[in-house]
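Please keep the structure open in your viewer as you read.

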Amino acid sequence: MTDSMHSAHWGAFRARRDGDSLTITPFSADPDPSPLLANLHNALAHPARVARPMVRRGWLENGPGP
């Protein structure tokens with residue numbers, strides 16, 4: 001289990017991860033925490049999430065370009 005403070009454009013928050021579970025708690029002194037923080041736990045297993053480093057095939061075949 002890990003518990004640490006983070007900040008993002010959604011504000012400051014505490015994240016606690018226990019196995020596959022993630023609990024997000026807004027920073028206690030934030031007078032108006034973003035409701036978007038409630039969506040962070042859904043992002044862990046969302047189908048659109050890039051789960052590991054990826055490289056486009058075109059970059060591998062042709063290198064960097066415009």
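A salt bridge here is a side-chain nitrogen of Lys or Arg within 4 Å of a carboxyl oxygen of Asp or Glu. With that in hand, look at Arg16, which forms a salt bridge with Asp3, the closest N and O atoms being 2.7 Å apart. This pair links distant parts of the chain, with Arg16 in strand β2 and Asp3 in strand β1, 13 residues apart. Strands (E, at least two residues) and helices (H or I, at least four) are DSSP runs, numbered from the N terminus.

Before going on, a word on the ground rules. This is a predicted model, where local features need pLDDT of at least 70 and side-chain atom pairs count only at pLDDT 80 or more, while totals for chains, interfaces and linings use all residues. Residues are numbered from 1 along each chain as its sequence is written, and side-chain values use heavy atoms, with hydrogens and water left out.

The structure holds two salt bridges, and Asp3, Arg14 and Arg16 are linked in a network of them. How buried or exposed are these residues? Asp3 is partly exposed, with a relative accessible area of 34%. Arg14 counts as partly exposed at 35%, and Arg16 is partly exposed at 36%. For these labels, buried means under 20% relative accessible area, exposed means over 50%, and partly exposed lies in between (1.4 Å probe, protein chains only).

Now follow β2 onward. Strand β2 (residues 11-18) runs antiparallel to β3, and six bridges join them; two strands pair if DSSP finds at least two bridges between them. Phe13 stands opposite Pro26 in β3. The hairpin of β2 and β3 has two residues between the strands, and in it Gly19 takes a positive phi near 65°.

Which residues make up the largest nonpolar core? There are five: Phe13, Ala15, Ile24, Leu37 and Leu40. A nonpolar core is a set of buried Ala, Val, Leu, Ile, Met, Phe, Trp, Tyr and Cys residues joined through side-chain atoms within 4.5 Å. In soluble globular proteins, nonpolar side chains tend to be buried together. Ile24 is found in strand β3 (residues 21-26). Not counting residues up to four places away in sequence, Ile24 touches Phe13, Arg14, Ala15, Leu37 and Leu40, where contact means heavy atoms within 4.5 Å.

Finally, zoom out. The protein chain has two helices and three strands, in the order β-β-β-α-α from the N terminus on. Its C-alpha atoms fill a box of roughly 50 × 30 × 20 Å, taken along the principal axes. The radius of gyration is 17 Å, whereas a compact globule of 66 residues would have one near 11 Å; the value is taken over C-alpha atoms, and the globule rule is 2.2 Å times the number of residues to the power 0.38. Of the 66 residues, 11% count as buried.
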